[in-house]
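Please look over the sequence and the structure shown below before reading on. The report that follows takes up charged pairs, a helix and a loop residue in turn.

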Amino acid sequence: MTEINSKRLVLRDWRESDLAPWAAMNADPLVREHLGPVLDLEQSTASMRHFQQDIDRKGYGFWAVEVRDTGEFIGFTGLDDVDDGVPFTGVEIGWRLARSAWGNGYATEAAQAVLEFGFDALGLPEILAVTTPTNLRSQAVMRRLGMTTDPGENFDDPEEEGQLRRQTLWRLRRPDPR
């Protein structure tokens, strides 16, 4: 089990007690605005199980995020292999937080901890992020993390339709150890 700690957060394996708040997040249209339709309980359960299976199999994935002081589950942050069918390969960072957790710097803090894990523990040379051009909140996190984007690398996700089809690619290379 890999647990990642930051100043205020714990990134950890998923627990059965995470299911209700996870399902509530996935039923929130604002949380899902840049991700697609809301998910029902069955879909949320399946995604939670899939995330934990990835962590168990690969040693990384999308970890549950809780607030250290309260133990409150607030979402996920982690790493995943880039999907097939897009014009690049690599490992992608991602996050999703409950609306009640927005605006507290949690996404940036959790993502920074995951970047350190990816570069230091996994030895990744680069970590990617993908979002829609309209997801300004996630793009702000990407900028705070030091990620950059090149409009020439924007692409259409073959698995998405409508406003979710167009995606922006962000990159962060491993810091030079010098």
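## Salt bridges

Arg-12 and Asp-18 are both buried, where buried means under 20% relative accessible area, exposed over 50% and partly exposed in between, with a 1.4 Å probe and protein chains only. The two residues form a salt bridge whose closest N and O atoms are 2.8 Å apart, a salt bridge being a side-chain nitrogen of Lys or Arg within 4 Å of a carboxyl oxygen of Asp or Glu. The model is a predicted one, in which local features need pLDDT of at least 70 and side-chain atom pairs count only at pLDDT 80 or more, while totals for chains, interfaces and linings use all residues. Residues are numbered from 1 along each chain as its sequence is written, and side-chain values use heavy atoms, with hydrogens and water left out.

Another salt bridge joins Arg-49 to Glu-16, with the closest N and O atoms 2.9 Å apart. Because Arg-49 lies in helix 2 (residues 41–58) and Glu-16 in the loop between strand 2 (9–12) and helix 1 (19–26), the pair ties together parts that are 33 residues apart in sequence; helices (H or I, at least four residues) and strands (E, at least two) are DSSP runs, numbered from the N terminus.

## Helix 4

In helix 4 (residues 136–144), the buried residues are Ser-138, Gln-139, Val-141 and Met-142. Seen down the helix axis, these buried residues fall within an arc of 155°, taken from the directions from the axis to the C-beta atoms, so they line one face of helix 4. Leu-136, Arg-143 and Arg-144 are exposed on the other side of the helix.

## Leu-124

Leu-124 is found in the loop between helix 3 and strand 6, and with a relative accessible area of 14% Leu-124 is buried.
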